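I opened this one up to see how its parts hold together. These are my notes, in the order I looked things up.

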Amino acid sequence: MQIDPETIEAVSGMIHARFDEMMAEGAAELADLASRRTQLEGEQQKLLQAHYAGAIPLDLLKREQDRITASLETIEHRITAHHGHYAAALENLDDSLKLLSNAADIYEHADDANRRLINQALFKAI
């Protein structure tokens with residue numbers, strides 16, 4: 001059992017298109033995160049200016065800066081994770097499709113335990 005290169009290319013194209021759609025759906029969330037990041041950076045600057053003007057004591061400045069920094073780190077983590085998950089999923093998909101194009105050779109060279117796993121994946125899971 002083996003999948004021909006044309007079928008793999010067609011399936012890959014369809015799945016990549018769906019991934020792109022999913023990424024576009026997440027664009028609104030990314031825009032919200034970017035907007036919130038800009039807002040928080042503005043707050044940081046205002047706090048610093050207020051402190052320089054003597055309107056905010058150092059302990060309050062530190063607490064607020066710590067809160068803003070933690071929020072910014074969370075936002076950056078979410079943005080990075082969004083892009084990272086997308087890229088990792090596409091990479092895993094491409095690797096899986098490459099394996100399917102050579103399934104007969106992989107099966108032929110596999111030991112009994114791995115052949116059993118291949119059979120289970122193909123006939124039970126898939």
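**Ground rules.** I'm working with a predicted model, where local features need pLDDT of at least 70, side-chain atom pairs count only at pLDDT 80 or more, and totals for chains, interfaces and linings use all residues. Residues are numbered from 1 along each chain as its sequence is written, and side-chain values use heavy atoms, with hydrogens and water left out.

**Helix α3.** I started with α3, which runs over residues 58-101 and has 44 residues. Helices here are DSSP runs of H or I with at least four residues, numbered from the N terminus. From first C-alpha to last, α3 reaches 64 Å, close to the 64 Å expected at 1.5 Å a residue. That expected span is 1.5 Å times one less than the number of residues.

Next I checked which residues of α3 are buried (under 20% relative accessible area; exposed is over 50%, partly exposed in between, with a 1.4 Å probe and protein chains only). The list includes Leu61, Ile68, Leu72 and Leu97. The buried residues of α3 pack against α1 (5-25) and α2 (27-52).

**Gln65.** Is Gln65 buried or exposed? Gln65 counts as buried because its relative accessibility is 18%. I then looked up its contacts (heavy atoms within 4.5 Å). Leaving aside neighbours within four places in sequence, Gln65 touches Gln44 and Leu47.

**The core.** I looked for nonpolar cores, meaning sets of buried Ala, Val, Leu, Ile, Met, Phe, Trp, Tyr and Cys residues joined through side-chain atoms within 4.5 Å. The largest has 10 residues, among them Leu30, Leu40, Ile56 and Leu72. α2 and α3 are the elements that give two or more residues to this core. The largest share, five residues, comes from α3. Another core, of five residues, lies apart from it and includes Phe19 and Leu90.

I also checked Leu72: setting aside neighbours within four places in sequence, Leu72 is in contact with Arg37, Leu40, Glu41 and Gln44.

**Salt bridges.** How many salt bridges does a search of the whole structure find? I got eight, counting a side-chain nitrogen of Lys or Arg within 4 Å of a carboxyl oxygen of Asp or Glu.

- Arg78 pairs with Glu29, the closest N and O atoms being 2.7 Å apart. Arg78 lies in α3 and Glu29 in α2, so this pair ties together parts 49 residues apart in sequence.
- Arg67 and Glu43 meet at 3.2 Å, N to O. This pair links α3 and α2 across 24 residues. Arg67 is partly exposed at 35%, and Glu43 is partly exposed at 24%.
- Asp59 bridges to Arg63 at 3.8 Å. Both lie in α3, four residues apart, about one turn of the helix.

I noted a network of salt bridges too, linking Arg36, Glu43, Glu64 and Arg67.

**Rings.** Arg115 lies over the face of Tyr107, at 5.2 Å from the ring centre. To count, CZ of Arg or NZ of Lys must be within 6 Å of the ring centre and within 35 degrees of the ring normal.

**Last look.** Ala113 is in helix α5 (residues 112-125). Ala113 is exposed, because its relative accessible area is 52%.
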